Amino acid sequence: VIDDRAYLSFTAFHNWDSMRIGVTSIAMDDLKNKRWKWTPPTFLSPEKQVQKNWVLFPEKIKGMFTILHSVTPTIGIAQRQDLSHVGKDEPYIQSIKGAPYAHEDKASGFWHSRTRGAGTPPIKTKHGWLLFYHAMHAHEPHKYKLGALMLDHEDPTKVLARAPVPVLEPETHYEMGGAKPGVVYASGATVHNDKLTLYYGGADNFVCSATAPFTEFVDRLMHKERPQLVKAIV
């Protein structure tokens with residue numbers, strides 16, 4: 001929710017050579033009163049590209065809408081004055097195509113060899129923006145795992161901390177079977193009464209959640225310790 005409007009971002013599929021990032025919004029008063037006056041979708045990425053896993057920061061940074069459009073090889077951030085003007089008065093966001101192998105596990109602090117993209121929208125903490133992201137290791141290329149980063153409040157291209165190991169990985173029968181075995185795919189998170197709840201898909205077959213004490217999770221991340229998430233099917 002930004003400036004009393006709820007924003008929904010999504011991937012629009014045309015074909016396997018064209019996946020675009022779209023966004024639509026609705027006034028909170030209309031949403032609460034079930035008046036479904038969503039704005040016509042605006043595309044943030046150009047035509048004839050394959051783009052997925054972009055996330056919108058839940059508040060403006062330096063007065064601008066802020067979009068994270070890449071996690072590798074560096075954090076890619078774009079800002080726009082008005083999302084509804086993208087592709088018209090403001091340019092489309094250009095981003096790297098795909099997620100190349102970067103052999104990141106050879107660098108200090110990296111547990112993975114390939115980054116797939118962002119997971120949930122960033123969550124604001126006292127230290128910075130908490131970002132969950134999907135990645136893989138060369139020794140287990142069939143498994144999507146979840147990592148965690150802390151990004152700077154004012155300049156989210158700066159990585160302040162990174163979890164040294166995955167914070168969530170496929171292990172249970174409902175994550176290792178189904179349509180896409182070995183995949184945990186996070187797409188939403190909430191914080192309420194210091195409880196972090198992460199929502200994710202298990203093998204594209206189950207809707208699941210994992211929880212953690214929020215302050216403890218963030219503190220462990222900042223101290224380069226392993227943050228803990230406890231799984232539960234919802």
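Residues are numbered from 1 along each chain as its sequence is written. In this predicted model, local features need pLDDT of at least 70 and side-chain atom pairs count only at pLDDT 80 or more, while totals for chains, interfaces and linings use all residues; side-chain values use heavy atoms, with hydrogens and water left out.

The chain has a mean pLDDT of 92 (pLDDT being the predictor's confidence in each residue, from 0 to 100), and 94% of its residues reach 70 or more. Where pLDDT is low, the predicted coordinates should not be read in detail.

Salt bridges come next. Side chains of opposite charge can pair when their charged atoms come close. Twelve salt bridges are present in the structure, each defined as a side-chain nitrogen of Lys or Arg within 4 Å of a carboxyl oxygen of Asp or Glu. One of them joins K124 to E59, at 2.9 Å from N to O. This pair links distant parts of the chain, 65 residues apart: K124 lies in strand β8 (residues 123–124), and E59 in the loop between β4 (55–56) and β5 (65–70). With a relative accessible area of 43%, K124 is partly exposed, and E59 is partly exposed at 31% (buried means under 20% relative accessible area, exposed over 50%, and partly exposed in between, with a 1.4 Å probe and protein chains only).

A further salt bridge pairs E169 with K145, whose closest N and O atoms are 3.5 Å apart. Here too, distant parts of the chain are linked: E169 is in the loop between β11 (159–162) and α2 (173–176), K145 is in strand β10 (residues 140–151), and 24 residues separate them. Both E169 and K145 are buried. The side chains of E225 and R220 also meet in a salt bridge, at 3.6 Å from N to O. Through salt bridges that share partners, E140, K143, K145, E169 and R226 form one network.

L8, W36 and W38 make a nonpolar patch of about 340 Å². Patches consist of residues with over 30% relative accessible area and no salt bridge, like charges being joined within 9 Å and nonpolar side chains (Val, Leu, Ile, Met, Phe, Trp, Tyr) within 5 Å; accessible areas come from the Shrake-Rupley method with a 1.4 Å probe, and for residues only the protein chains shown count as cover. W38 sits in the loop between α1 (28–32) and β3 (42–43) and is partly exposed, with a relative accessible area of 35%.

Key. Helix = DSSP H or I, 4+ residues; strand = E, 2+ residues; numbered from the N terminus.
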